[in-house]
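Colleague: I am new to this structure and would be grateful for a guided discussion. May we proceed by question and answer?

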Amino acid sequence: MTAQIAPFPQVDHQRALFAEGMRLDCGVTIAPVVVAYRTYGRLNAARSNAILICHALTGDQYVAERHPLTGRPGWWESVVGPGKPLDTDRYFLICANVLGGCMGSTGPREEMTDPAGRPLGRPWGTDFPNVTIRDMVKAQKKLVDHLGIPRLLAVVGGSMGGMQVLEWAATFPETVFAAAPIATAAYHSAQNIAFHEVGRAAIHADPEWKRGRYWEEGRIPAQGLSVARMVAHITYLSEQALTRKFGRRLRGAAALTFLEDVFEVESYLRHQGSTFVRRFDANSYLTITRAMDYFDMAAEHGGDLAAAFRGTATRFFVASFSSDWLFPTSESRALVRALNAAAANVSFVEIASDKGHDAFLLEEPEFHRALGGFLAGAADRVGV
Amino acid sequence: MPDSPADLRPPLPRSEIRYVAKNMRLDLRLIAEMIPRGARVLDIGCGDGALLAHLTAEKAADARGIEIDMAAATQAVAAGLAVIQGDADHDLAFYPDGAFDYVVLSRTLQAVEKPREVLRQMLRIGRHAIVSFPNFGHWMVRWHLLAKGRMPMTSTWHRAWYETPNIHPCTIRDFFGLCALDGYVVEEWLAVDEHGLKAPWRRSPRLANLFGEQALFQLRRR
């Protein structure tokens with residue numbers, strides 16, 4: 001069913017197929033909808049210990065295991081595992097590849113279907129409709145229902161994953177006992193949209209992009225996608241982190257040159273870019289960055305963010321990181337204040353870290369203690 | 001909104017209180033005794049959440065906290081308590097009217113930027129406010145200023161004037177004055193010694209103002 005695009009090797013992802021499909025926020029209906037996912041731990045008899053993990057822009061469902069494409073460890077192994085904050089001995093953890101992603105869920109890289117659900121023998125590519133964060137969440141809800149889980153103990157995620165957490169809490173409040181939006185915001189800022197647009201412009205400028213039909217000749221816009229990743233990667237780090245890692249160290253170049261990397265930070269970024277294109281689809285990147293840009297929860301609720309959560313019984317844990325300038329603490333605090341205005345049960349901490357936005361993925365003991373304590377407190381309350 | 005409506009029974013008479021919380025500051029014990037079962041409580045300046053944990057476990061309260069110190073707030077959150085890092089001056093304005101039955105501010109009023117506004121916010125978002133503060137009218141303070149002509153340094157007021165966070169000290173009579181000015185009903189008040197034990201000055205505000213090291217008030221809107 002999958003139309004193969006070089007240079008991705010074929011991987012059999014664990015998937016759930018929903019023949020009825022779904023109507024997207026943009027008005028288009030796609031059918032069928034496929035959700036690729038992974039689970040960790042065991043669902044208890046009461047089906048009360050399930051936690052949904054929502055991944056970020058370039059993450060996927062391989063949270064805590066060797067990645068089938070890159071062979072690298074899962075992206076959140078610092079947090080997920082036996083005895084860790086997302087304790088696989090206590091909770092049943094689910095992570096789904098987002099709608100529009102490229103790790104097996106319905107998205108630009110998967111085979112296109114017509115309105116009647118008939119396969120068309122070519123990938124969606126740029127014909128894939130605009131999706132929103134809420135569309136991603138509705139697709140995940142199908143999976144959660146499919147797995148027979150009446151209520152999630154928690155929904156947890158950082159960055160774009162945090163946006164999904166907020167959308168879950170607003171759209172399906174009765175299904176979410178606890179919500180942990182981390183290093184995120186209730187809307188995507190103009191600055192963040194601007195950085196995304198630089199990345200998209202780099203992809204569009206690559207001659208191999210061919211207006212999104214690069215798959216026809218089995219090629220990819222590797223240069224453009226790589227530059228997009230390089231720009232984005234800078235926003236994930238802090239000035240302190242870059243200084244600590246690389247400073248102004250040279251790569252041993254004897255003379256000034258414009259033809260090769262002079263500074264270590266340059267070759268680091270280039271490496272990030274070149275490895276990224278081997279696992280991520282350019283059209284998916286365009287689709288998902290757009291979904292993030294559209295995200296504005298207050299706008300979805302008449303301009304009043306608190307209205308999105310009024311009357312909620314969900315318990316919230318909001319966390320930000322002091323050196324994160326992509327999703328700064330001020331945006332988390334605005335979210336906390338809106339939750340307070342909605343009389344929601346909220347915890348909030350800003351973790352002191354010099355690691356920038358990426359801190360939520362890294363070894364941050366204070367953050368892990370707070371997240372673990374919050375989840376354990378929620379689990380205690382429902383008897384898990 | 002919190003799960004259960006507050007039990008609106010008045011607090012037990014002092015003589016009937018036998019429970020003594022362990023590992024909790026004595027003044028917090030007194031405050032805990034003033035709060036009925038099942039109440040919705042906001043503790044401003046909750047520290048590591050000792051009062052919140054007690055109210056949650058022993059009084060089935062829906063207890064939430066605000067703490068200015070990040071390390072203490074993180075510790076409270078890690079203990080599973082609903083605590084946000086924030087402060088009295090800047091965060092109260094965001095809560096809706098009547099969100100809580102009790103809003104608690106212990107030993108913090110003298111350190112906020114705008115005590116009158118903080119008190120107004122407390123009684124906007126809560127039906128009752130419980131406030132404790134060190135009494136600047138204590139005889140030691142008065143004596144210190146009179147005899148030495150320098151800012152008092154006592155066991156309660158022990159930071160030098162140039163580094164104390166206590167920028168708005170007041171006396172018990174001052175506080176009565178503010179309550180009268182803004183029309184708050186003093187439902188209960190008592191003077192407390194440095195360790196949080198009740199001092200026997202209940203009958204006379206003037207004597208309490210001279211001999212009470214701390215004051216504890218419960219207020220409501222008129």
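Colleague: How many aromatic pairs does a search of the whole structure find over all chains?

Modeller: This is a predicted model, in which local features need pLDDT of at least 70, side-chain atom pairs count only at pLDDT 80 or more, and totals for chains, interfaces and linings use all residues. Residues are numbered from 1 along each chain as its sequence is written, chains are lettered from A and ligands numbered from 1 in the order in which they are written, and side-chain values use heavy atoms, with hydrogens and water left out. Rings of Phe, Tyr and Trp (its six-membered ring) pair if their centres lie within 6.5 Å; planes under 30 degrees apart count as stacked, over 60 as edge-to-face and the rest as tilted. Over all chains, the number of aromatic pairs found is 21.

Colleague: What is the arrangement of the rings of A:Trp75 and A:Trp76?

Modeller: The ring centres of A:Trp75 and A:Trp76 are 5.4 Å apart. Their planes stand at 15°, so the pair is stacked.

Colleague: Is A:Trp76 buried or exposed?

Modeller: Buried means under 20% relative accessible area, exposed over 50%, and partly exposed in between (1.4 Å probe, protein chains only). A:Trp75, at 21% relative accessibility, counts as partly exposed. A:Trp76 has 0% relative accessibility and therefore counts as buried.

Colleague: How are the rings of A:Phe321 and A:Phe367 arranged, and which class does the pair fall into?

Modeller: The centres of the A:Phe321 and A:Phe367 rings lie 5.2 Å apart. Because their planes are at 75°, the pair is edge-to-face.

Colleague: How many residues apart are A:Phe321 and A:Phe367?

Modeller: Helices (H or I, at least four residues) and strands (E, at least two) are DSSP runs, numbered from the N terminus. A:Phe321 belongs to strand 13 (residues 315–321) of chain A, and A:Phe367 to helix 10 (residues 365–381) of chain A. A:Phe321 counts as buried at 0% relative accessibility, and A:Phe367 likewise counts as buried at 0%. The pair links distant parts of the chain, and the separation is 46 residues.

Colleague: Which residue has its ring under the charged end of A:Lys141?

Modeller: A charge sits over a ring if NZ of Lys or CZ of Arg is within 6 Å of the ring centre and within 35 degrees of the ring normal. In another such contact, A:Arg229 lies over the face of A:Phe276, at 4.6 Å from the ring centre. The charged end of A:Lys141 is 5.0 Å from the centre of the ring over which it sits, that of A:Phe172.

Colleague: How many salt bridges does the structure hold over all chains?

Modeller: Side chains of opposite charge can pair when their charged atoms come close. A salt bridge is a side-chain nitrogen of Lys or Arg within 4 Å of a carboxyl oxygen of Asp or Glu. The total over all chains is 28.

Colleague: How many residues apart in sequence are the parts tied together by A:Glu300 and A:Arg134?

Modeller: The side chains of A:Glu300 and A:Arg134 form a salt bridge (3.6 Å, N to O). A:Glu300 lies in helix 8 (residues 297–300) of chain A and A:Arg134 in helix 1 (residues 133–146) of chain A, so the pair ties together parts of the chain. A:Glu300 is partly exposed at 29% relative accessible area, as is A:Arg134 at 25%. The parts that they join are separated in sequence by 166 residues.

Colleague: Which residues are linked with A:Arg134 and A:Glu300 in a network of salt bridges?

Modeller: The network is made up of salt bridges and includes A:Arg134 and A:Glu300.

Colleague: What distance separates the closest N and O atoms of A:Asp293 and A:Arg200?

Modeller: A:Asp293 lies in helix 7 (residues 282–294) of chain A, and A:Arg200 in helix 3 (residues 190–205) of chain A, 93 residues apart. Both A:Asp293 and A:Arg200 are buried. They form a salt bridge in which the closest N and O atoms are separated by 2.7 Å.

Colleague: In which sense do strand 2 and strand 3 of chain B pair?

Modeller: Two strands pair if DSSP finds at least two bridges between them. B:Glu67 stands opposite B:Gln85 in strand 3 of chain B. Strand 2 (residues 62–67) of chain B and strand 3 of chain B pair over four bridges, and the sense is parallel.
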